[in-house]
Amino acid sequence: MRRSLALASAVCLLAVTACESSSGSSSDDAPETVEELTEGGLVGLALVHRGFEGGDPETQQVLVFHDPATGAPLQRIDLPDGAVDPMAPAVPVHKRFSEDWQYFAFVTNEPNAVHLAGLSDPEDAEEEGEEFSYQPVETIQASGDEKLSDPVIHGERLWYVSAQGQGQPPQVKSVPLEAPAGTPNQEGSLALGEGQRPSDWTITPDGSLHIRNSVPTQQVTGGEGNLVVRSTNGTVVNATLTTGGEQWQTFDDAPVWGGEQALLRPDGGGEGVTGAHLLTVEGQSYGTTPLLEDASSPVVQYTLAPERDAILLQTEEAWFRVDLEEGAVTETEETFPRYHDTSMDGWPLVVRWSQEPPPDAPSESPTA
């Protein structure tokens, strides 16, 4: 059904121009087990393709690791059919994979449930000839009028939202990855805002729950323009900056930088305004560093180096790498044309920039 790393050539043809190199693995040294794969194969720019190789965006969903310098595909892992909504824009898939890539979380509507899938060997796939894949291992079923949504994996826990009915604030709950069927922890309530819309929420890099509508705004006055932020335990999560007649805001559902830094994009009101700003807050002072000022189209998504010394940013046309030193740009480079898929967005969703294999490779695949 799905072809193997014919991937290297087929996916390259989906980019605006061909990749410079093909897959980094030959048939002789390609990993055959999850243990071998995890020891050295899960590095690069990880993107979720909805409609892989030009296929159906619901049934052909694949996690692909790309060379961050050339865009060449290095490794692929198949996702369960329909795990990521093919029509929804900017799905935050960066929250749905465990740090060691052993788990992937997703939600289904009919029946409504949160599913935890484990990274599995090719021989464990449902269809003969499949690649490495994520296979469901645990399911949290909704009960009664409950509605489950928004799964997030952080550290050793699986987080999700449970809503009981209109007018009641949804609850954020969490369970251990190793025992998701157990009694969940009640982590917080999502305050209702305008139109009874629940608050946005996220988990900061240090593991703190940030519920936007429950965090007071803070005005930071020591800089050029007007800056308002919301922070949790010293981490800036939401920011709005008005400067030079333009408004800049944090990206929706994007990776949180951590500490007192955040990446901002234009709010869409200024015609022809592109690029991004790296915001740095220091007490009651702040400064910004412009990124991709000369880009011909807006930045649509990004991912961060683990040490925060570089950023990969995608515009509507290409991927760029920006290197940083103490908050200052040292180099900016266009790396490769952006990929195409058959989703509503038209491009794959960014998960993570993985620069080293996970520290603790598993001895065997997760099992049900």
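How many salt bridges does the structure hold? In this predicted model, the count comes to six.

The protein chain is built from two helices and 24 strands. Of its 368 residues, 50% are buried. Among contacts with a separation of 6 or more, 49% are between residues 24 or more positions apart. The chain exposes about 16800 Å², and 43% of that area is supplied by carbon and sulfur atoms.

Back to the charged pairs. Side chains of opposite charge can pair when their charged atoms come close. One of the six salt bridges joins aspartate 345 to arginine 50, with 3.1 Å between the closest N and O atoms. This pair links distant parts of the chain, since aspartate 345 sits in the loop between β23 (328-337) and β24 (349-354), while arginine 50 belongs to strand β1 (residues 44-50), 295 residues away. Both ends fall below the 20% cut-off for burial: aspartate 345 has a relative accessibility of 19% and so counts as buried, and arginine 50 is buried as well, at 0%.

Arginine 197 meets aspartate 200 at 3.1 Å, N to O, and aspartate 200 is partly exposed because its relative accessibility is 36%. Arginine 321 pairs with aspartate 323, the closest N and O atoms lying 2.9 Å apart. Here the two partners end up in separate accessibility classes: arginine 321, at 30%, is partly exposed, whereas aspartate 323, at 16%, is buried.

Now for a stretch of strands in the middle of the numbering. Strand β8 (residues 157-163) pairs with strand β9 (residues 171-176) in the antiparallel sense, over six bridges. Within this pairing, valine 161 has valine 172 of β9 as its bridge partner. Strand β9 is also joined to strand β10 (residues 185-189), again antiparallel, by four bridges.

Leaving aside residues up to four places away in sequence, glutamate 146 touches Ser162, Ala163, Gln164 and Lys173, along with Asn112 and Gln141.

Nine aromatic pairs are found in the structure. One of them is formed by phenylalanine 104 and tyrosine 134, a tilted pair with 5.7 Å from centre to centre and 50° between the planes. Phenylalanine 104 lies in strand β4 (residues 103-109) and tyrosine 134 in strand β6, so the pair ties together parts that are 30 residues apart in sequence. Both phenylalanine 104 and tyrosine 134 are buried. These two residues also belong to one aromatic cluster, whose other members are Phe65, Phe97, Trp101 and Phe106.

Technical notes:
Residues are numbered from 1 along each chain as its sequence is written. This is a predicted model: local features need pLDDT of at least 70, side-chain atom pairs count only at pLDDT 80 or more; totals for chains, interfaces and linings use all residues. Side-chain values use heavy atoms; hydrogens and water are left out. Contact means heavy atoms within 4.5 Å. A salt bridge is a side-chain nitrogen of Lys or Arg within 4 Å of a carboxyl oxygen of Asp or Glu. Buried means under 20% relative accessible area, exposed over 50%, partly exposed in between (1.4 Å probe, protein chains only). Accessible areas come from the Shrake-Rupley method with a 1.4 Å probe; for residues, only the protein chains shown count as cover. Two strands pair if DSSP finds at least two bridges between them. Rings of Phe, Tyr and Trp (its six-membered ring) pair if their centres lie within 6.5 Å; planes under 30 degrees apart count as stacked, over 60 as edge-to-face and the rest as tilted.
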